[in-house]
Amino acid sequence: MSPVTTPVHLIDPSVLPAGEVLTIDAGDVVLNAVAGPGSGPTRTVVDGFPALVCSASMAFMVDTAGPSTAASNVAVAAVVCRLAASGLMPWEHTGPLRLSNDPAQAMVFGVDLAYPTLDEDLHAWVLWSDGTDVALICDGDVVASGTGAAAPELGFTYLRSSSGATLFRAAVWDEELTLEQAQALSSDLLAEFTDTSVALEFAGSWSVTGVVRIDVDDLYLPPLLPEPVKGGRQDPPAMPDPVAPPDTLDASIARRYAEVMPAPSLNAAGWPVDWAPEEIVDEPWATLQIVVDGVDVSVLAGVRTPVPTWSRGEPFGDLEATLRFPQITPFHADPAWCVPGAWVVIRWRRVEDGSFVRGFNGVIDKFARTEDEGVFEISCRGPILASDLQLRAPAFDPAPRDVGSVIAEVLNSAVSRRTLACTAVVTGCSTSVAGGWEPRALGYVQQLLATAVKDGRQWTVACDDRTPVIKLKDTETVTWSVRTGQRGVRVDLVQDWSQATNVLYGEGISPDGGRWRNAVYPGWHPDSTPEYPGSLGHGFTVGTTDDDTTTGAGVSDWQRQAGQSVTGMFSQSDRARAFEIQKAAGITQDGIVGPQTWAATFGTGTNVGTLEAFFMPLAWSTRVMPRRYEADGTDVGANPDYDADVIRVEDKLDFGQGVTKSEGKRAAREQLTRVIRPGWAGTVTLQLDPGECSRYEIREGSNGLIRGFRGETLKVHVAHVTHDDEATTLTVDTNARDYPTLDAIRDRERNATDPAKAVIKRLQRGSLTEARASFDAESPAGQIPQHALFANLWSVVPVPFGRYGRIVRTDVTAGPRAGSGTPSRFALAVFNEPVTAAQLVDLVGNPLTATSNPWEEHADALATAGLVMAWGWAKQPCGYYPRTYSTPEGEGVAPITGRYVDDASWEYATERSPWMWVATIASAGCWASGRFWPGADG
């Protein structure tokens, strides 16, 4: 027998010092022989062969490093060893196996390399890869294999011994072998040490290109994490046929017993007299079957298992169940079927036709044993709630999507989910709620369902037989009925008018990042300054007439505003008046009416009203609004529909990101329609069956009639149902609200609103994400009125900001309008004190022609003058958005667009609330306008 190939490097144990790491550079792979802490390999001779005796922590690593000397992703490495004990895992690797020294060519193999049942005989191991497939070969047989896929990452694999071993040979090959050759190599290596008639001769000598010496005591090996306990099965096992009870037990058939009661005749005190059933139903109904992990446990040790307690709710179907086993004492070992995650099925088999009525499907999540009662208990949760053990991370900048597709995605993306796939549906309700580390179902999905209302009907998630279904609630079909006051039926309902919301506020962030809260500014109006009617290169001089202006009345308009005689011709008297205005405004005094003088005359920036505001509701009942308002918040008088006898009840909805104000208003109206009347909510407890079915057949999402309640028949919707051996308790509501809401109402939680506000309140911080700065989309603050600029002359206009705040976006344009002006380079500054053009000339001159940065050079003087922020100078002027003037390619490469946008946020404060002063200077005649967007804080 001859070798199939020659290794490029061969590790001879006889020359490997104890307690050292030997690194051999072998091209695409490196083989490291590593001794564990405090138990270095001992050199010895076994059967005439040099060997190393290694402890259980001895490991060999095939690492993807070293200069490439062969085809990429090719690896062949081998070890020959004898284990110290049988039945152990000699060499293992768990997780992705990555091979290649080139990140662009790395291959990832999804394979677990392990072979756990070997004896103490000699074995030869070969790790082989041809760049596409990978295999671990033991004694000529492939024991693990996998297929690779390109992945841009480096990595390594450990072939780690879980037992002591005696090492005879370790080698690395630097050429491609076929799988059959690698199998033959493994056999040849084994034969070298077991068959003295076979000798492997390796041509050439091996060399070490690098030796790293590590003190064994200092070698750190991270602790291995304990493996999580395997839990049941992802898919339930096949259901067994019901097992007949032993002869010593009765058949224990559950009976259906119902008393159908007529409307009673009442005595003078209002109580029924001679009230008897008009029909009695008493018949055998079904037998109970309880199955855990595919094992029928309805009867254990000859004793019948008690009827479990289980609950179901809307949304999500199966919720919780508790099974009690008095047959299992504290001295019993846990049965084989008693494992976390095992499937539990509770169902009834009808006597009449053998069909099954499903009670509960779920998985085990808790075991308990009570010392007092000595009863072993198992707790379970439904398939969807099993996903609630996983958190949903916040979304990054979520885009608006239909609720039906988001819910399906969230449920389907749960790892190792216990449900089948949920099909997405179109609900017509959009959302971009980011969420915030909340449980998937009772947290995030419940929050989405909170506003998923369309045409007065709410969407929900039902789950029958492990399949989540997104659907509209059925509030019409009636499947059961009872009568108030009858035997075996208890009706406890409440009508809480403190939960009857009749005014709904709300807030959200629109897709463009603008935060809205339905704020209105009734005292605000846009700047009313007429546009400058002259040429951007020439102003009004003596002799200019109305006919010389763009509007045909420019001179007359200025004369009227300046308090001059209106003649339509600019006169010497007008020139004198212009001097007075210019002197008062601190601008150039030349008697010419240009853009600066025009703005000073008309008070550009100050003709905007006030920033006083208030929040308008998104939806309301006119009976609780004392005043009537226009859309902009203007009070138009008393509301004739106002009724002071009606209690006003307010609430607020948080719509999250990606929802426009109009969508929020629609959803608020839908919500208000459902909650403005509180309805009746509470519980119906059944110890007897209704006339139509067994109490065990009543499900969440069904509808029933309560006859004779306060003289009328109520149709109620079942939001939650709990079954046990003694009674069935239904949580019901005439408004078909979700169970979390009803539970909160029953507990008189004053902040609960329909639906699921108990959850919304808990998650409120996470629903409006701060992943990016949002701006106030409603405030008119920060608007720069459009005004004309002469080339290289400062213009200052007052702009309302508010007393203090934060600006998250600066967006200013200096460009043409109505055929006049051109896109221009410009500089911009904001002051919290009044400043004039003349002061700016003294402070900074013209920044667009400065040889050094004037904003830095004169920082102290500018701070004294009230400078808050400034942009633009000769080396980096504004007006090149979306690019900049200075680039790595040089200066002035980008084209002039006349626009500047800065998304850096900055804070401001002014003692002259609400005013700030915005100064602009451009290199060419143009029109300036823009917006400082306030942040959505507070």
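Colleague: How do you know that the length of helix H6 (residues 572-585) agrees with that of a helix?

Modeller: In this predicted model, H6 has 14 residues, which at 1.5 Å a residue should span 20 Å. The C-alpha atoms at its ends are 20 Å apart, so the two values agree.

Colleague: What makes the buried residues of H6 line one face of the helix?

Modeller: The buried residues are Asp-574, Ala-578, Ile-581 and Gln-582. Viewed down the axis of H6, they fall within an arc of 100°, and therefore they line one face. The face turned away from that buried side carries the exposed residues Gln-572, Lys-583 and Ala-584.

Colleague: What covers the buried residues of H6?

Modeller: The cover includes helix H5 (554-562) and helix H7 (595-602). After H6 comes Gly-586, which has a positive phi, near 75°.

Colleague: Why are strand E51 (795-800) and strand E54 (867-871) called edge strands?

Modeller: They belong to an open sheet of four strands in the order E51-E59-E53-E54, with antiparallel pairing. E51 and E54 each pair on one side only; two strands count as paired if there are at least two bridges between them, so the name rests on that test. From one strand to the next, the twist averages 20°.

Colleague: What makes strand E53 (residues 826-831) and strand E59 (residues 915-922) a pair?

Modeller: Six bridges join E53 and E59 in the antiparallel sense. The pairing criterion is at least two bridges, so the two strands qualify as a pair. Within this pairing, Val-830 stands opposite Val-918 in E59.

Colleague: How do you know whether Asp-274 is buried or exposed?

Modeller: The relative accessible area of Asp-274 is 81%. Exposed means over 50%, so Asp-274 is called exposed. Its place is in the loop between strand E18 (272-273) and strand E19 (279-292).

Colleague: On what grounds is Asn-792 called partly exposed?

Modeller: Its relative accessible area is 38%. Buried means under 20% and exposed over 50%, so the value for Asn-792 falls in between. Asn-792 is found in the loop between strand E50 (783-789) and E51.

Colleague: Which peptide bonds are cis, and where are their prolines?

Modeller: A cis peptide bond joins Glu-314 and Pro-315, with omega about 10°. Pro-315 is in the loop between strand E23 (309-313) and strand E24 (317-325). The bond from Ser-913 to Pro-914 is also cis, with omega near 5°, and Pro-914 is in the loop between strand E58 (906-909) and E59.

How values were computed. Residues are numbered from 1 along each chain as its sequence is written. This is a predicted model: local features need pLDDT of at least 70, side-chain atom pairs count only at pLDDT 80 or more; totals for chains, interfaces and linings use all residues. Side-chain values use heavy atoms; hydrogens and water are left out. The expected span of a helix is 1.5 Å times one less than its number of residues. Buried means under 20% relative accessible area, exposed over 50%, partly exposed in between (1.4 Å probe, protein chains only). The arc is that of the directions from the helix axis to the C-beta atoms. Contact means heavy atoms within 4.5 Å. Axes are lines fitted to C-alpha atoms, for helices over the stretch in contact, and angles run from 0 to 180 degrees between N-to-C directions.
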